[in-house]
Amino acid sequence: MTNSTIRETLLPFAQPDIDQREIDAVSEVVASGWLTTGPKTVEFEKQFAAYLGVKHAVSVNSATAAMHLALEAIGLQRDDEVITSTFTFAATAEVVRYFDAKPVLVDIHADTFNIDPVQIEAAVTPKTKAIIPVHVAGQAADLDAVHAIAQKYNLRVIEDAAHSLPTCYKGRLIGGISDLTAFSFYATKTLATGEGGMITTNNDQWADRCRVMRLHGMSKDAWKRYTGEGSWRYDLIAPGFKYNLTDMASALGLVQLSKLETMNARRVAIAAQYDTAFGGDPALITPVLTADSTHPYHLYILRLNLEALTIDRAAFIEHLRQANIGVSVHWIPLHMHTYYANLYGYQPEDYPVAHAVGMSCISLPIYSKMTDADVTDVINAVCDITTRHRAG
Ligand SMILES: Cc1ncc(COP(=O)(O)O)c(C=O)c1O
C-alpha cells in the first residue's frame with residue numbers, strides 16, 4: 001500500500017446518520033418515563049404506512065421477527081416448504097426452520113444477485129407454501145415473475161426487504177406490493193433504530209395476527225393495559241412472542257424516516273462516484289442496474305474479477321483493511337454454511353452462480369455520513385490495490 005492511500009483512522013464499514021434531532025427525540029422519550037411500546041410506536045407505524053402507501057405497518061424488534069411473524073400469519077406448518085435464495089443473510093432461512101419447515105434454496109442471477117425466477121418454478125412442489133424473494137443490496141428482485149409463479153401455484157409472497165427502504169419497483173414503493181413485506185432497522189440499515197423492524201401488508205387478518213403474536217399472543221392493544229385508556233383484562237389467544245418495538249427505537253425511527261430521502265440521495269451519489277471510478281477496470285465488476293427497480297444502495301457490492309488479479313479476495317480485503325478502509329462480505333451463501341450443508345447435504349457448487357458471486361464479492365462503505373474525502377479514500381485504496389496486483 002502506498003503511503004498516500006493509507007488513512008490515518010479507520011473508515012467504518014457502516015455508520016448510522018444520527019444528529020441532534022435523534023438525540024433529542026430519544027431523550028424526550030426517556031424523560032417521559034414511557035420506555036416500551038407506546039404512543040411513539042403507534043405514530044411511527046402510522047407514518048411508515050403512509051410513506052409506503054400500505055394499509056398496515058406492524059412494528060417489531062427486527063426483520064427476523066417480522067419474517068417469523070409473517071410466516072406464522074400465513075399459517076406455515078412443519079414440513080412445509082418455502083423457496084428463497086441461497087444468497088442471503090442467515091435470518092431469511094432460519095425463520096423457516098423455526099417451524100421445522102424446509103427452506104428450499106435456489107440460485108441467483110449473476111448480474112443483480114437476486115433470486116432467479118426460472119429456478120423458483122423448478123423448485124415448486126406440492127409442499128411449497130411461500131416464496132421469500134430477497135432484494136439484495138436494496139435493488140428489487142423480479143417481482144412480476146415471482147408473483148406470476150405464486151399465482152400459478154397458489155403461494156404466498158413475503159418480501160425480505162431488509163435492504164429496500166426506499167426502493168421503487170416499476171414505480172411502486174416496496175412495502176405494499178406482495179402479501180407481506182419485512183423491513184429491518186438494524187444499526188447499519190438505511191433507516192436505523194439500533195434494532196427494529198416492520199411488517200407491512202394490505203391484509204387486515206394477517207396484520208391483526210402479527211399484532212397479537214408480537215406481544216405474547218395477547219388480545220389487541222395489550223400495551224394499553226398500563227395506561228389510563230387500558231383495561232387490566234387481557235386474554236391469551238396463542239403462545240406468542242416478545243417482539244414489540246420500544247418507544248425509544250420508534251422515536252429514532254420517526255426522525256430517521258423524515259431524513260430518509262436525503263440519506264438515500266447521498267448514498268446514490270456515492271454509488272455514482274464508485275461506478276465512475278471502478279467501471280472501466282477489468283478487475284472490478286460494478287453493480288448492474290435493472291430498468292424495473294431503483295437502487296437504494298444499502299450495500300455497494302463490488303465483484304472482483306479474480307482472473308484479472310494476482311491476489312485472492314481475502315488478500316484484497318486485507319489490503320483494504322491495511323489502508324484503514326472498513327469492508328465486509330455479503331454473503332457467504334447459505335448452502336455453504338455447516339448447518340445447511342449438514343442438514344441437506346449441499347456441496348458448494350450446487351448453486352454455481354451464488355458460489356461464484358459469494359467467493360468474489362466485497363462490500364464497500366456506503367452511508368450518508370461519509371464525506372467526499374472518505375469516498376476519495378475508498379476509491380484511491382481500491383484503485384491502488386488493483387493497479388499493484390493486476391495479472392498479466
Ligand atoms: C437480507 C436480510 N434479511 C434479514 C436481515 C435481518 O434483519 P434484522 O437484523 O433486523 O433481524 C438482514 C440483516 O442484516 C438481512 O441482510
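**Spaces between two domains**

Hi everyone. Domain 1 (20-258) and domain 2 (260-388) both contribute residues to the lining of the second largest cavity, so that cavity lies between them; the domain bounds come from an automatic or database domain assignment. A quick note on the model: it is predicted, with local features needing pLDDT of at least 70 and side-chain atom pairs counting only at pLDDT 80 or more, while totals for chains, interfaces and linings use all residues. Residues are numbered from 1 along each chain as its sequence is written, and side-chain values use heavy atoms, with hydrogens and water left out.

What do I mean by a cavity and a pocket? On a 1 Å grid over the protein atoms alone, a cavity is a set of points where a 1.4 Å probe fits but cannot get out, and a pocket is an open set with protein on both sides within 12 Å along at least five of seven lines; lining residues have an atom within 4 Å of a point. A volume is the space filled by probe spheres set on the points, which are joined across faces, edges and corners.

Back to that second largest cavity: it holds about 80 Å³ of space. Its lining includes Asp111, Phe113, Pro287 and His295.

The largest cavity has about 190 Å³ of space. Gln15, Thr188, Lys189, Ile366 and Tyr367 are the closest to its centre, out of 19 lining residues. Here too both domains give residues to the lining, so the largest cavity lies between them.

Now the largest pocket, with a volume of about 430 Å³. Where does this one lie? Domain 1 and domain 2 both line the largest pocket, so it is between them as well. It has 24 lining residues, and Phe89, His163, Ser184, Tyr186 and Lys189 lie nearest its centre.

Let's turn to the ligand. Which residues are closest to the ligand? They are Thr64, Asp160, His163, Ser184 and Lys189, among 17 that surround it, counting any residue with a heavy atom within 4 Å. For polar contacts, I take pairs of N or O atoms within 3.5 Å; within protein, one must be able to donate a hydrogen and the other to accept it, and residues adjacent in sequence count only if both atoms are side-chain atoms. The side chain of Asp160 has an N or O atom 2.7 Å from a ligand nitrogen. A ligand oxygen is 2.8 Å from an N or O atom in the His163 side chain, and Ser184 places a polar side-chain atom 2.7 Å from an oxygen of the ligand. Thanks, everyone!
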